[in-house]
Amino acid sequence: MARPHLFLLALIGSSVAADLSTLPALLKTISADVFPGLKAISQDLHAHPETSTQEFHAHDTVRDYYTKQNPGIWDVTPHAYGQPTAFALDFVHKPAGFSGSNDDIPVVGFMAEYDALIGIGHACGHNHIILNGLAAANEARRVLIDLDLPGRIRVIGTPDEENTGGKGRLRDAGAFDGVDVWMMSHPTSINAVQPMSGRVDAQATFVGATHADALRTAYEALVLVTDLEGKLPGTSSTAAPVEDVGMFAINVVAQKILFGVAGLSLQDVNSTVKGLLDSTYVGVNYTIEETDEVKDGVALTILGPGGHTSEDNKSPLRLSIETFRTLTSSGNEGVSFFLPGNTTVTELDITVSVRSRYTVDLDPVLQVVTDAVKSKASQITTDRPYPALEVMTVLGERFINLMQNADHGSQANWNFSTIAPAATDAGFVQDAQIDPNTKELLSVDKVVFHPNYGICEDKPGAPCGFNHEPEFAQTAGTGFSYQQSEIIARALAQVAIELLTDRSFMREATQLLRKYP
């Protein structure tokens with residue numbers, strides 16, 4: 001639904017008619033000025049990826065951009081809220097003759113992520129999240145100045161989205177206080193306004209008298225977790241294991257698994273693996289060789305495309321699990337297992353990424369998973385659960401309308417989706433409450449708008465993986481991906497300006513805000 005172009009602001013000490021009919025054209029002009037410098041920051045971060053809590057180069061680059069290269073346009077707070085790599089940017093514009101206080105001025109916020117993944121860089125595209133967050137905020141700031149409109153804008157640089165929930169710590173420290181609406185946008189392979197799932201990681205430790213004992217116990221547990229597929233409570237619930245060996249990340253499917261078998265010939269092991277490796281293992285392959293690391297040892301190197309632990313693709317780890325299952329259930333006497341290159345450890349860790357569509361279902365799903373493996377594990381610990389993120393329909397409708405019009409490329413493939421493709425720590429900021437029976441959204445602590453947008457160019461040979469697949473790091477560095485982020489930033493900036501200038505739109509957008517006494 002199109003919105004009217006003439007809004008009336010009635011603020012204390014000011015009555016301003018805001019004609020926004022030229023806003024799309026103005027934003028294009030402003031973007032041509034501000035976007036190139038911010039794109040250069042994004043490209044720099046893409047070339048210098050930093051993992052969660054280690055984003056010092058990203059932090060310092062943004063700080064210097066606004067304190068040395070472009071000083072005075074934002075109030076800059078480095079190392080914000082006790083987080084070494086977080087930052088805050090604040091801006092307020094008071095029109096001529098405005099006599100109210102800052103509290104009388106409407107405000108919107110933007111969130112910017114910039115952490116990368118171990119070993120595969122910006123394969124989740126967070127270099128674009130910081131880009132569209134900063135670009136949208138700077139474009140909205142310029143509109144307020146150019147049209148002499150009252151408004152406040154806040155940007156929070158949010159480190160550590162991938163691992164331990166940086167936004168949760170920032171929320172606890174008060175970073176999002178005083179701002180009711182927060183926006184960001186995440187690059188992926190499709191365009192959609194959609195929910196994001198809840199997530200909690202369970203780490204189980206397995207100990208044995210020998211390396212072979214520890215590995216057998218760990219793989220017995222992996223079989224049990226695998227067999228939970230389709231049996232978990234809740235909606236779209238999954239439990240994806242990750243082997244905590246070598247270079248791994250808790251929410252990334254490993255591209256490479258080493259698995260060894262002792263006590264069988266190379267031909268027997270090869271026949272077993274070949275029989276398991278069917279078309280359901282997309283992109284998975286293996287090599288096999290004899291090794292003298294253990295007596296009668298056969299070493300498998302299983303390779304695959306990697307990916308996100310929210311995906312249900314069969315992975316290299318899954319092939320090793322099914323190999324273990326087959327060999328242990330075939331009555332083979334004297335068969336043992338080992339990790340090639342790592343044959344002395346007697347303690348092994350497995351992380352299970354537990355996900356469910358709704359936050360209220362995370363605990364029941366986690367309980368089923370821990371019950372399945374607790375007899376095998378010496379200990380089980382869990383991290384801080386990521387709450388699910390719910391869709392904010394009012395802002396979604398407006399954003400989709402903008403993306404489908406000519407000013408934003410007439411992108412007709414923008415729609416709402418009920419699929420939750422992954423998790424996000426933005427759920428900490430939203431803190432949604434739903435009806436446990438109907439799953440109806442009842443209230444939120446903050447309105448968080450988080451559209452996902454496609455950065456895959458539709459042409460032969462263009463890289464297009466899904467998030468957390470190595471190929472997506474290439475996708476996040478293409479010229480097309482930056483073109484898409486420029487469009488997204490303008491649309492977000494327009495939504496922000498409309499919120500700041502239209503009280504009825506702001507009321508409608510914030511109608512589910514939780515009321516506190």
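**Exercise 1. Find how many disulfides a search of the whole structure gives, and work out the handedness of the disulfide of Cys456 and Cys464.**

A search of the whole structure finds one disulfide, where a disulfide is a pair of cysteine sulfur atoms within 2.5 Å. This is a predicted model, in which local features need pLDDT of at least 70 and side-chain atom pairs count only at pLDDT 80 or more, while totals for chains, interfaces and linings use all residues. Residues are numbered from 1 along each chain as its sequence is written, and side-chain values use heavy atoms, with hydrogens and water left out.

Step 1. The pair consists of Cys456 and Cys464, whose sulfur atoms lie 2.2 Å apart.

Step 2. The torsion about the S-S bond of Cys456 and Cys464 is about 85°, so the disulfide is right-handed.

Step 3. For accessibility, buried means under 20% relative accessible area, exposed means over 50%, and partly exposed is in between, with a 1.4 Å probe and protein chains only. Cys456 counts as buried at 15% relative accessibility, whereas Cys464, at 38%, counts as partly exposed.

Step 4. The sulfur of Cys124 is 13 Å from the closest cysteine sulfur, in Cys456, which is too far for a bond; Cys124 itself counts as buried at 6% relative accessibility.

**Exercise 2. Compare the reach of helix 2 with its expected value, and identify what covers its buried residues.**

Step 1. The expected span of a helix is 1.5 Å times one less than its number of residues. Helix 2 (residues 56-69) has 14 residues, and its reach of 18 Å from first C-alpha to last is close to the expected 20 Å.

Step 2. The buried residues of helix 2 include Ala58, Val62 and Tyr66. Their cover includes helix 1 (23-47), strand 3 (75-78), strand 4 (87-93) and helix 3 (126-146), where contact means heavy atoms within 4.5 Å.

**Exercise 3. State the volume of the largest cavity and which strand gives the largest share of its lining.**

Step 1. On a 1 Å grid over the protein atoms alone, a cavity is a set of points where a 1.4 Å probe fits but cannot get out, and lining residues have an atom within 4 Å of a point. Grid points are joined across faces, edges and corners, and a volume is the space filled by probe spheres set on the points.

Step 2. This rule gives six cavities of 30 Å³ or more, and the largest cavity holds about 170 Å³ of space. Of the 21 residues that line the largest cavity, His186, Met196, His308, Ala422 and Ala423 are the closest to its centre.

Step 3. Strand 8 (residues 186-188) supplies the largest share of that lining, three residues.

How values were computed
Helices (H or I, at least four residues) and strands (E, at least two) are DSSP runs, numbered from the N terminus. On a 1 Å grid over the protein atoms alone, a cavity is a set of points where a 1.4 Å probe fits but cannot get out, and a pocket is an open set with protein on both sides within 12 Å along at least five of seven lines; lining residues have an atom within 4 Å of a point.
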